[in-house]
Amino acid sequence: MSETSVICHCGSGKKVEDCCEPFLSGKAFPETAEQLMRSRYSAYVTLNVAYILETTAPKFRKYYSPKSILEWAANSTWISLEIVSSEEKRVKFIATYLDDQQQLTRHKEDSKFEKSGGRWYFVDGKTFD
Ligand SMILES: [Zn+2]
């Protein structure tokens, strides 16, 4: 009940229940790559490692360790997500956080997504300047 007035972590300005929460809890699936991207950011903030793995394209999951995702997410202080550009299968974003040394870090990533079986998945990303 206390969640009802919380604004979503992803920076959309919407309430969590009208934004990423239904995706994170499995009640609904993102309809766009940007929605998936936003919900994955929210998953890092809320340490929802299962969601991060589930929304990674199955053929790439083996490259990710739940333990290292959890450690990185938990040791970072998440500040903001900024969507730089959003296309059907591609989202450029800047995630700002304090790393485990309390250094302000701006992670700039150009991410690719694909839809399979009616669901969006993260494929891979590369950093940009
Ligand atoms: Zn959101």
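Q: In what order do the elements of the protein run from the N terminus on?
A: This is a predicted model, with residues numbered from 1 along each chain as its sequence is written. Its secondary structure comes to four helices and four strands (DSSP runs numbered from the N terminus: H or I of at least four residues for helices, E of at least two for strands). Reading from the N terminus, you get α-α-α-α-β-β-β-β.

Q: What radius of gyration does the protein have, and why does it agree with a compact globule?
A: The C-alpha trace spans about 40 × 35 × 30 Å along its principal axes. The radius is taken over C-alpha atoms, and the globule rule is 2.2 Å times the number of residues to the power 0.38. With 129 residues, a compact globule would come out near 14 Å, so the protein agrees at 14 Å.

Q: Are C19 and C20 buried or exposed?
A: Buried means under 20% relative accessible area, exposed over 50%, and partly exposed in between (1.4 Å probe, protein chains only). Buried residues make up 36% of the 129 in the protein. C19 and C20 are both buried.

Q: Which element supplies the largest share of the lining of the largest pocket?
A: The lining has 16 residues, with R40, Y44, W72, H107 and E109 nearest the pocket's centre. A pocket is an open set of 1 Å grid points over the protein atoms alone, where a 1.4 Å probe fits, with protein on both sides within 12 Å along at least five of seven lines; lining residues have an atom within 4 Å of a point. Four lining residues, the largest share, come from helix 2.

Q: What separates the C-alpha atoms of K92 and V49?
A: K92 lies in strand 2 and is partly exposed, at 24% relative accessible area. Along the chain, K92 and V49 are 43 residues apart. Their C-alpha atoms are separated by 22 Å.

Methods
Predicted model: local features only at pLDDT ≥ 70, side-chain atom pairs only at ≥ 80, totals over all residues. Heavy atoms only, no water.
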